[in-house]
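This report describes selected local features of one protein model. Please consult the sequence and the structure shown below while reading.

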Amino acid sequence: TSISEGERISWVHPRYSSLCFLEQKAQIVWQENCPPGTQQAVSGQPLWLGDTAPPEEMAFVVDKLLSDKAYPLTLAALNQKGDKLWLLVSDGKQPLYSEGTTIKDATVLLKELGAATALQLDGGGSSTAVIEQNDQPQVINAVMHAKVPGNERPVANNLGFYALPLQP
């Protein structure tokens, strides 16, 4: 699902989850559309953070959890109330610098932080984290596209946030 300013751009694929942003909270839904009132939404592959085996319909997630393949990742996770969001961006495919993160290790970290639901937004060369610094975009991770360090991959969709500065 993609939703921008409350307008649906595309529908959810049966094997994907959606990260839905409502007023002052968010929700990750699986195999269903975002709830009414959703202002922004992006989709990704679901991650299983439960303590029991995933439902049969999510059997494809088990392969990811058991894989020991490290990879660049972009993950989003929410606490149970949906008022706390974690974004995890991991570099990878750069020997002697960053090998990446396994889904299993990322899942363990997110659970330790208190996440109740999560999804993988993307991976590989698309995993890029950017902040504004001195009114200019600043890439804060080591991106790599086409085996060229520092080369950003062109992407059609992104997830961005604007936040007011913290008060002293």
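Ser-18 stands opposite Val-29 in β4. Strand β3 (residues 17-22) and strand β4 (residues 25-30) run antiparallel and are joined by six bridges; strands are DSSP runs (E, at least two residues), numbered from the N terminus, and two of them pair if DSSP finds at least two bridges between them. Two residues lie between the strands of this hairpin, where Gln-24 takes a positive phi near 65°.

## Basis of the model

The model is predicted: local features need pLDDT of at least 70 and side-chain atom pairs count only at pLDDT 80 or more, whereas totals for chains, interfaces and linings use all residues. Residues are numbered from 1 along each chain as its sequence is written, and side-chain values use heavy atoms, with hydrogens and water left out.

Ser-98 is found in the loop between β7 (85-90) and α2 (103-113); helices are DSSP runs (H or I) of at least four residues. Ser-98 counts as buried because its relative accessibility is 14% (buried means under 20% relative accessible area, exposed over 50%, partly exposed in between, with a 1.4 Å probe and protein chains only).

Not counting residues up to four places away in sequence, Ser-98 touches Asp-91, Gly-92 and Lys-93 (contact means heavy atoms within 4.5 Å). A polar atom of the Ser-98 side chain lies 3.5 Å from the backbone nitrogen of Gly-92.

## Leu-159

Leu-159 is found in the segment after β12 (148-149). With a relative accessible area of 31%, Leu-159 is partly exposed.

Conventions. A polar contact is a pair of N or O atoms within 3.5 Å; within protein, one must be able to donate a hydrogen and the other to accept it, and residues adjacent in sequence count only if both atoms are side-chain atoms.
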